[in-house]
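Open the model in your viewer and keep the selection tool ready.

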Amino acid sequence: MHLKHGIQLGYCTNIHRGEGWAETFAALRDYTLRVRDRVAAGEPYGIGLRLGNAAAGELSDPAALAEFRRWLDAENCYVFTINGFPYGKFHGTRVKEQVYAPDWSTPERLAYTIRLFDLLDALLPPGMEGSVSTLPGSFKEFVAADPDRAEAIYANLHACAAHVAALAEKSGRDLHLGLEPEPLGWFETTAETVAFFAEMAQRFPGDDRIARHLGVNYDTCHLAVEFEEPGAALGALRDAGIRMSKLHLSSALRLQPTAEALARLRDFQEDTYLHQVVMRREGGDLRRFRDLPPALDFAAAAAAEPAQIGDEWRVHFHIPLHAQPAAPFGDTQAHLLGVLDALTADPSLCRHLEMETYTWEVLPNDLRANNVVDQLEREYRWTLGQLDARGLR
C-alpha cells in the first residue's frame with residue numbers, strides 16, 4: 001500500500017506455499033485478496049511477491065504474464081518487490097542450508113535473478129521503483145569448503161548489476177537488487193556487509209552501476225540476532241554509501257538460557273528451516289551455531305558451566321510481528337522499532353517495506369493465529385499502528 005514519502009508496504013507472499021506459477025497465483029487469489037479486503041479495502045494494494053525459479057519460468061510465458069497483469073489491474077493490486085532469495089522449494093520439505101543453493105557463484109542464480117527483474121519491469125506501475133531481494137552471495141560453509149566460489153560471486157553480481165542498469169536505462173525505472181545479510185551467510189554482520197561492498201568497488205573501480213543498482217535488504221530479525229543496534233548498523237551502511245534497497249520487517253526469538261528456557265526452546269526445533277543461534281557471553285563475545293540442535297546440545301554439555309552458555313540467546317526464528325511470546329521468551333521487536341524510528345527521521349532511507357514472517361506452518365501453536373489470514377491481518381494492524389504513531393501513513 002502507498003505510505004507517505006513514496007514508501008510502499010506489503011507482506012511477503014513466501015508465507016504461502018507455491019513453487020509453480022499456478023500454485024503461487026492460487027495463493028494470491030485465496031489469501032492475499034482476503035488480507036487486502038481486511039486492511040486496505042478500496043485502496044491500491046501492494047504485493048511483495050515471492051517467485052521461485054519454477055514459477056518465474058512459467059510466468060515468463062507472454063500469455064501468463066498478460067493474464068496476471070490484467071488480474072492486478074482488475075483487483076487494484078500492484079507488485080513493487082520480489083523475494084528472490086529461495087530459488088527452489090520453500091515449504092513442506094527440508095530447506096535448511098539449501099535455501100542458499102544455487103548460490104551467486106552459479107550461472108543458475110544469475111539467470112534466475114535476471115528473469116525476476118525482467119518480470120518486475122513488466123509488472124511495475126508507471127514511475128514506481130522496483131526491488132528484488134536475494135541471498136548474501138552464499139552460505140559461509142559453502143565458501144569455506146570451496147574458496148574459489150568467491151571470484152564467481154563477485155563476477156555474477158557485477159553481471160547482474162549491468163543487466164539491471166541496462167533495463168533501468170531502457171525503461172526509465174529505478175531498479176535495484178538487495179543483498180540480504182543473514183546469520184552465517186557469506187556476509188552476515190554490518191561490518192562484513194560493508195567489507196563486501198568495498199571489495200566490489202575495488203574490483204570494479206569507477207563502475208557506478210554497483211552503487212545505483214546493488215544495495216542491502218535489511219532484515220530486522222537478522223541484524224537483531226547478530227546483537228546489532230539499528231542506529232549504528234544503518235549509520236555504517238549509509239556512511240559506506242550502500243543503498244538501502246528494502247527493509248524486511250521481522251522479529252526473532254530472544255531468551256536468557258535458563259534451564260526452563262532451554263527445555264522449552266526444544267519446541268521450536270523443526271525440520272524445514274535453519275534456525276541459527278547467536279549466543280552472547282560475558283564481555284560481549286558472540287558464539288554462533290548453524291541451527292537449534294547443535295546449540296542445545298552444546299548447552300546440555302556445558303550445563304555445569306553457566307558462563308559457557310552466555311547471558312542471552314537470539315534465535316533466527318521469525319515470529320509474528322504483533323506476538324508477545326510468553327515467558328521465558330522475548331522478541332527483538334525493539335530492533336524493528338528502532339529501524340522505523342530511523343525511517344521517520346529520514347524518510348529517504350528506503351522506500352520499500354515488506355513484512356516477512358514466513359514461518360506460519362512451523363510456529364508453535366501458542367504463537368499462531370487461527371489461520372494465516374488472521375495472522376497477516378494482525379501483523380498489518382500492528383505495523384500500521386506503528387507507522388501511524390510515526391506519521392508515516
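**Stop one: a helix asparagine**

Select Asn 156, which is found in helix H6, residues 149-171. The model is predicted. Is Asn 156 buried or exposed? Its relative accessible area is 14%, and buried means under 20%, so Asn 156 counts as buried.

Now show the surroundings of Asn 156. Beyond its neighbours within four places in sequence, Asn 156 is in contact with Trp 104, Ser 105, Thr 106, Pro 107 and Leu 110. Zoom in on Trp 104. Its backbone oxygen lies 2.9 Å from a polar atom of the Asn 156 side chain.

**Stop two: a strand glycine**

Move to Gly 130, in strand E4, residues 130-134. Gly 130 is buried, with a relative accessible area of 0%. Which residues does Gly 130 touch, not counting those up to four places away in sequence? They are Phe 80, Leu 120, Leu 124, Asp 174, Leu 175, His 176 and His 352.

Ile 82 and Gly 130 are 48 residues apart along the chain, yet their C-alpha atoms are separated by 8.3 Å.

**Stop three: helix H10**

Select residues 230-239, helix H10. Colour Pro 230, Ala 233, Leu 234, Gly 235 and Leu 237, which are buried.

Definitions and conventions:
Residues are numbered from 1 along each chain as its sequence is written. This is a predicted model: local features need pLDDT of at least 70, side-chain atom pairs count only at pLDDT 80 or more; totals for chains, interfaces and linings use all residues. Side-chain values use heavy atoms; hydrogens and water are left out. Helices (H or I, at least four residues) and strands (E, at least two) are DSSP runs, numbered from the N terminus. Buried means under 20% relative accessible area, exposed over 50%, partly exposed in between (1.4 Å probe, protein chains only). Contact means heavy atoms within 4.5 Å. A polar contact is a pair of N or O atoms within 3.5 Å; within protein, one must be able to donate a hydrogen and the other to accept it, and residues adjacent in sequence count only if both atoms are side-chain atoms.
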